[in-house]
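Please read the explanation that follows with the sequence and the structure side by side.

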Amino acid sequence: MKKMMMIGCLLLSAVATFAQPGWTKNASKSVFTLKTFAADGSLIASSNGFFTGTNGEAVSNFTPFKGAARAVVLDAQGKEWQVTGILGVNDMYDVVKFRVNNRKTQPLAVSQTAAPVGSTAWLLNYRDTKNVKNGPVRKAETFMGDYAYYTVAMTMSESQVSCPLLNDAGEVIGMMQQPASEKDTLSYAISARFVDSLKVTGVTYNDPALQLTQIKKELPADLKEATVVLYLSATQMDSAAYANLIQDFIQQYPSAPDGYIYRAQQEVGDGNFTAAEKDMETALKNSDQKDETYFTYARMIYNKEIYQSAQPYPNWSLDKALSLIQTANNGNPQPTYRQLEANIRFAQKDYNGAYAIFEELTKTNLRGADIFFGAARCKEMQKDTTAMLALMDSTIATFDKPYLKEAAPYLWARAEARRNAGKYRDAISDMNEYETLMTATVNDNFYYIRHQTEIQGRLYQQALNDINRAIQINPKEILYYAEKASLEIRVGMYDGAIATAQECIGIDANNSDGYLFLGLAQCLKGQKAEGIKNLEKAKSLGDTQADALIQKYQ
């Protein structure tokens with residue numbers, strides 16, 4: 001009896017070993033070995049994978065790609081193909097989708113449904129496609145919506161990680177993952193449909209996981225998503241990498257205006273205005289929304305004329321920028337276009353024309369601080385101080401109290417305007433608000449300027465406090481000690497002035513200010529002999545005020 005049972009087991013084993021599926025030979029053309037290399041050419045790792053598309057699309061585990069500068073796959077025919085780009089990554093599940101430079105790949109059919117528990121699953125090994133092992137699906141746990149994570153009753157080795165797991169119909173249902181141990185009788189596979197669905201989007205293009213490999217990432221297949229990548233990457237890449245990205249975008253989307261616009265912006269930054277002009281003309285030709293492109297072109301020329309005026313380019317001028325923005329507005333009237341026109345007119349010193357547009361814009365949805373501020377600048381240039389200050393008040397009135405940091409530049413601008421108009425205490429009020437908003441960034445120069453304004457407003461104790469704060473921040477600045485000594489003399493604090501002047505001399509014994517204020521304070525205190533001696537020292541160092549003081553106190 002035992003003998004018969006043994007024979008039966010051997011027969012069953014023979015069936016399991018030799019009754020291979022009919023699709024094995026064809027499916028074996030879709031699997032490959034993956035090798036990744038560091039920048040110095042050294043091998044990082046080897047793994048497996050399989051093709052999922054006819055245009056070089058393939059999947060594998062992501063670990064070998066970390067730190068890799070290059071990768072190749074060796075297909076079933078022994079041909080080597082370069083990995084040209086990453087299509088998507090999920091570091092949590094250690095999976096990656098990529099493309100190779102073979103545009104006639106034979107893919108496995110990816111099952112669109114999960115394999116049921118109890119069904120047979122087949123493990124196709126690149127190294128031995130003639131002996132395909134199988135086992136029943138023990139679990140099919142759902143993750144991320146409707147994808148399956150499989151537990152299969154079979155053993156596997158680490159060399160079989162990323163091999164495909166197929167159903168009876170020859171459809172790939174999963175990709176094998178790292179086993180707990182080679183003696184484990186259970187193996188695990190992640191949904192092939194999930195791995196094949198990986199993609200790079202506009203938002204995920206610069207994700208940390210994608211930065212773990214040096215291999216180029218492909219742009220999204222969707223134009224809108226690819227355009228988002230261009231926008232977001234402008235501040236996240238170095239200029240060389242960004243230039244390559246723009247070139248990839250133009251190659252992939254030659255009829256889209258965005259690539260030419262972004263390249264033109266880089267060319268302007270490099271001072272290559274001829275190339276930028278050519279790209280902007282191409283962008284205009286390709287654009288479906290020409291008013292937006294005219295606006296972008298006009299703004300580009302305006303910025304160049306304002307910030308790169310030392311690099312003349314005859315084809316570009318403020319007049320051309322004005323013509324372009326007017327064309328944009330004629331095609332599709334927009335307040336934003338009018339605002340740029342106002343800025344251009346201001347740069348042309350057409351203050352009446354610029355003011356008229358800013359006044360018009362206060363009645364639109366753009367009504368805000370920058371509009372009133374622009375109008376105020378026009379009145380400032382026209383020497384209309386009353387109107388300018390009123391518009392500065394309107395600028396600040398667009399913000400609610402308590403102020404947020406967005407109000408800080410405008411508060412400082414109004415403070416300067418009020419100070420220049422002789423409204424010192426009002427100016428100090430604005431400076432105080434500015435300090436509250438910008439506490440972490442105000443510097444010694446801020447306290448020095450407020451100190452001067454406080455003196456003009458006869459707020460001497462506040463002025464003394466501020467010059468002390470300036471000295472505390474920058475204790476080596478001679479000017480601050482001289483200003484402090486001068487103020488102390490002004491309010492009759494002669495001992496303090498003497499001590500401050502001596503500090504000044506201690507920092508720089510060749511600076512005349514220290515001796516001037518030391519001598520003056522000593523004379524005022526009744527120590528004329530010592531005072532005149534220090535005034536003589538100041539005179540010898542070139543101070544023009546010292547001689548008059550010497551004559552006065554002698």
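A salt bridge is counted when a side-chain nitrogen of Lys or Arg lies within 4 Å of a carboxyl oxygen of Asp or Glu. The model is a predicted one, in which local features need pLDDT of at least 70 and side-chain atom pairs count only at pLDDT 80 or more, while totals for chains, interfaces and linings use all residues. Residues are numbered from 1 along each chain as its sequence is written, and side-chain values use heavy atoms, with hydrogens and water left out.

Side chains of opposite charge can pair when their charged atoms come close. By the rule above, the count is 26 salt bridges. One of them joins glutamate 360 to arginine 338, with 2.6 Å between the closest N and O atoms. This pair links distant parts of the chain, 22 residues apart: glutamate 360 is in helix H11 (residues 351–361) and arginine 338 in helix H10 (residues 335–347). Helices (H or I, at least four residues) and strands (E, at least two) are DSSP runs, numbered from the N terminus. Glutamate 360 is partly exposed, because its relative accessibility is 33%; the classes are buried under 20% relative accessible area, exposed over 50%, and partly exposed in between (1.4 Å probe, protein chains only).

Arginine 345 and glutamate 341 both lie in H10, 4 residues apart, which is about one turn of the helix. The closest N and O atoms of their salt bridge are 3.1 Å apart. Glutamate 341 has a relative accessible area of 5%, so it is buried. A network of salt bridges links Arg338, Glu341, Arg345, Asp350 and Glu360.

Another salt bridge is formed by the side chains of arginine 450 and glutamate 435, at 2.8 Å from N to O. Because arginine 450 lies in helix H16 (residues 444–456) and glutamate 435 in helix H15, the pair ties together parts that are 15 residues apart in sequence. Arginine 450 is buried at 3% relative accessible area, and glutamate 435 counts as buried at 14%.

Helix H15 (residues 424–437) also contains alanine 427. Alanine 427 is buried, since its relative accessible area is 0%. Apart from neighbours within four places in sequence, alanine 427 is in contact (heavy atoms within 4.5 Å) with Ala415, Arg418, Arg419 and Thr453.

The strands come next. Strand S5 (residues 80–90) is mostly covered, with 8 of its 11 residues buried. Two strands pair if DSSP finds at least two bridges between them. Strand S4 (residues 70–75) pairs with S5 in the antiparallel sense over 3 bridges, and leucine 74 has glutamate 80 in S5 as its bridge partner. The S4–S5 hairpin has 4 residues between its strands, and glycine 78 in the turn has a positive phi of about 85°. S5 is also paired with strand S6 (residues 95–100), antiparallel, over 6 bridges. Here asparagine 90 stands opposite valine 95 in S6. The hairpin of S5 and S6 has 4 residues between the strands, and aspartate 94 in this hairpin takes a positive phi near 55°.

Some loop residues remain. Lysine 349, in the loop between H10 and H11, has a positive phi of about 65° although it is not a glycine. Lysine 349 is exposed, with a relative accessible area of 63%. Lysine 383, in the loop between helix H12 (369–381) and H13, also has a positive phi of about 65° without being a glycine. Lysine 383 is exposed at 72% relative accessible area. Proline 402 lies in the loop between helix H13 (385–397) and helix H14 (408–420), and a cis peptide bond with omega of about -5° joins lysine 401 to proline 402.
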